[in-house]
Amino acid sequence: MTRVRIEVDGSPVEGLAGQSIAALLLATGRTSWRRTRTGRPRGVFCGIGTCFDCVVTVNGLRDVRACQRRAADGDLVELQEDDRA
């Protein structure tokens, strides 16, 4: 299997080609990567792109659903907070 390497908030993370960003994060032990305005942690909830709980910023593009986006080698992923502009 081909491996991919992405960067999540400045830290390198490796996974397999074809994995979604959410799957890659879950495989590394992360269960949440976003916080609501009230500080509640969020990660994958539905896993099919309906709930938007897993949104992240990928290569500067905000609100990317991590469960729907395949990780590509070199992706720069930033975790989001709901109160960011």
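Begin by selecting the open sheet of 5 strands, whose order is β2-β1-β7-β5-β6 with mixed pairing. The strands and helices named on this tour are DSSP runs numbered from the N terminus, a helix being H or I with at least four residues and a strand E with at least two. Two strands count as paired if DSSP finds at least two bridges between them. Because β2 (11-16) and β6 (61-65) have a single partner strand each, they stand at the edges, and one side of each lacks a neighbour in the sheet. On average, neighbouring strands of this sheet are turned by 40° against each other, direction ignored; the axes behind this angle are lines fitted to C-alpha atoms, for helices over the stretch in contact, and angles run from 0 to 180 degrees between N-to-C directions.

The model is a predicted one: local features need pLDDT of at least 70 and side-chain atom pairs count only at pLDDT 80 or more, while totals for chains, interfaces and linings use all residues. Residues are numbered from 1 along each chain as its sequence is written, and side-chain values use heavy atoms, with hydrogens and water left out.

Stay in this sheet and select β5 with β6. These strands run antiparallel and are joined by 3 bridges; V56 has V64 in β6 as its bridge partner. The two strands form a hairpin with 2 residues between them, and N59 in the turn has a positive phi of about 50°. Next select D63, which lies in strand β6. Its phi is near 60°, a positive value in a residue other than glycine. D63 is partly exposed, with a relative accessible area of 46%; here buried means under 20% relative accessible area, exposed over 50%, and partly exposed in between (1.4 Å probe, protein chains only).

On to the pair β5 and β7, which is antiparallel over 2 bridges. T57 has E78 in β7 as its bridge partner. Now select V77, also placed in strand β7 (residues 76-78). Is V77 buried or exposed? V77 is buried, at a relative accessible area of 2%. Neighbours within four places in sequence aside, its contacts (heavy atoms within 4.5 Å) include I6, V8, I21 and V56. The C-alpha atoms of V77 and V56 are separated by 6.8 Å, the two residues being 21 apart along the chain.

Which residue meets D75 in a salt bridge? The partner is R69, at 2.8 Å from N to O. A salt bridge is a side-chain nitrogen of Lys or Arg within 4 Å of a carboxyl oxygen of Asp or Glu. D75 is buried at 4% relative accessibility, whereas R69, at 26%, is partly exposed. The whole structure holds 5 salt bridges.

Now select the open sheet of 3 strands, in the order β4-β3-β8 with mixed pairing. β3 (residues 34-35) pairs with β4 in the antiparallel sense over 2 bridges, and R42 in β4 is the bridge partner of R34. R42 also forms a salt bridge with D53 (3.5 Å, N to O). D53 is in the loop between β4 and β5, 11 residues from R42.

Finish with the cysteines. How many disulfides are there? The count is 0, a disulfide being a pair of cysteine sulfur atoms within 2.5 Å. The sulfur of C51 is 3.6 Å from that of C46, its closest cysteine sulfur, which is too far for a bond. For C67, the closest is in C54, at 3.7 Å, also too far for a bond.
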